[in-house]
Amino acid sequence: MRYDSAEDGAAQVLRPDAHLGTVALITGGGTGIGRAVALDLARCGADVVICGRREEPLEKTAAEIEALGARVLAVPADIRDEDQVTSVVDRALGEFGRIDTLVNNAGGQFTAPAEEITSKGWRAVHRLAVDATWAMTREVAVRAMIPQRSGSIFFMAFSPRRGIASMVHATSARAALENLAAGLSLEWSRFGIRSVCIAPGTILTEGMEDNYTATEIAEWEAAVPLGRLGTTEEVSGVIAFLASPAGRYVTGTTIVIDGGADAWGAGHPAPRPEAKK
C-alpha cells in the first residue's frame, strides 16, 4: 500500500546546512511522523533529541540518524510525567547546550462513539495531547528558547479541522493545540519564538498499515481530492522548511497537509438520523 516518496524529501529541497548549528527536540520521535521529522532535520544538519515511551524504536531511529553522520540523543520518557519532561530537557541541554526547534509530536487516541467515551478515556487523551504537550513546551521555552531569544515550536493537529466522527475527544484536544499555537505567537514573538500548528490528514504510517484493512484505507483515499493518503515525509518536509530560516516569518497559524481533504469535507454521505423508539 505504500506510495513512492523520497526518504530524504526535505534534503532534496533544503540545503544540507539549512539547520546546521541548531538542536531539535522531537517528542514521539521513534516512529511515524516524529521519526520522519527527526531524519529530515538531521539530514539538514541539526543535532537531534528524540524521546518516546518505547526504547526499541527510539534506538532504531537513533541508529538511522547516526548513519547520516548527525549527532543524536535518544531519551526514553513518558512526558505525561512532568519529572520526566524535566529530565528530557536536562539531558538535551546537557548534551547540546540549546534547543532551537521543538516538535510536539507525541499523542494517542482511540475511536469510540461520543456517548461511549468515559471521563477516564477523555482525560487520558487530553493528558497526553494537551497537558503533556504544554509541560514540554513551557519547559523548553523557559529554560532554552526565552533565554536565547529564538526558537520555533510545532504542534500537531488533525485534518479535517471541522471534526471527525468517533474522535471527538481527540479532535477537541488538537483544536486546543491550534489555539495554543496562535496564542503563544502573540505572547512569545517578543522573545523571537515562533509557534506553528501542523494539521496532517490521514497519513499512511506503518501503524495504519498494520491496524487497518486495505478496504478501510481505500475508503479514506476516496475522501482525498489528490486520490491518495499522505506520507510521513510529506509532513516532515514541511516542518523542516518552516523550522529553517526560510520559514522565519510564519507564526501563529495552522498549516494543513492533507491532499485537499479539509477543503472537500467528509467526502461521504452524512449518517441518517435514527428512527425514534
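The conversation below concerns salt bridges and surface charge.

Trainee: What kind of model is this?
Mentor: This is a predicted model, in which local features need pLDDT of at least 70 and side-chain atom pairs count only at pLDDT 80 or more, while totals for chains, interfaces and linings use all residues. Residues are numbered from 1 along each chain as its sequence is written, and side-chain values use heavy atoms, with hydrogens and water left out.

Trainee: How many salt bridges are found in the whole structure?
Mentor: The search finds eleven. A salt bridge here is a side-chain nitrogen of Lys or Arg within 4 Å of a carboxyl oxygen of Asp or Glu.

Trainee: Which residue forms a salt bridge with Arg80?
Mentor: Asp78 does, and the closest N and O atoms are 2.8 Å apart.

Trainee: Is Asp78 buried or exposed?
Mentor: Asp78 counts as buried, because its relative accessibility is 19%. Buried means under 20% relative accessible area, exposed means over 50%, and partly exposed lies in between (1.4 Å probe, protein chains only). Arg80, at 29%, is partly exposed.

Trainee: And what does Glu139 form with Arg143?
Mentor: Glu139 and Arg143 form a salt bridge, with the closest N and O atoms 3.0 Å apart. Both lie in helix α5 (residues 119-148), four residues apart, which is about one turn of the helix. Helices are DSSP runs (H or I, at least four residues), as are strands (E, at least two), numbered from the N terminus. Glu139 is buried at 15% relative accessible area, whereas Arg143 is partly exposed at 32%.

Trainee: Where do Arg161 and Glu178 lie?
Mentor: Their side chains meet in a salt bridge (2.6 Å, N to O). Arg161 lies in the loop between β5 (151-156) and α6 (168-188) and Glu178 in helix α6, so the pair ties together parts that are 17 residues apart in sequence. Arg161 is partly exposed at 42%, and Glu178 is buried at 15%.

Trainee: Which residues do salt bridges that share partners join into one network?
Mentor: Asp90, Glu139 and Arg143 are joined in this way.

Trainee: Changing topic, which residues form the negative surface patch?
Mentor: The patch is formed by Asp81, Glu82, Asp83 and Asp131. Patches are made of residues with over 30% relative accessible area and no salt bridge; like charges are joined within 9 Å, and nonpolar side chains (Val, Leu, Ile, Met, Phe, Trp, Tyr) within 5 Å.

Trainee: Where is Glu82 found?
Mentor: Glu82 is in helix α4 (residues 82-96), and at 58% relative accessibility Glu82 counts as exposed.

Terms used. Accessible areas come from the Shrake-Rupley method with a 1.4 Å probe; for residues, only the protein chains shown count as cover. Lys and Arg count as positive and Asp and Glu as negative; His and the chain ends are not counted. The place of a charge is taken as NZ of Lys, CZ of Arg, CG of Asp or CD of Glu.
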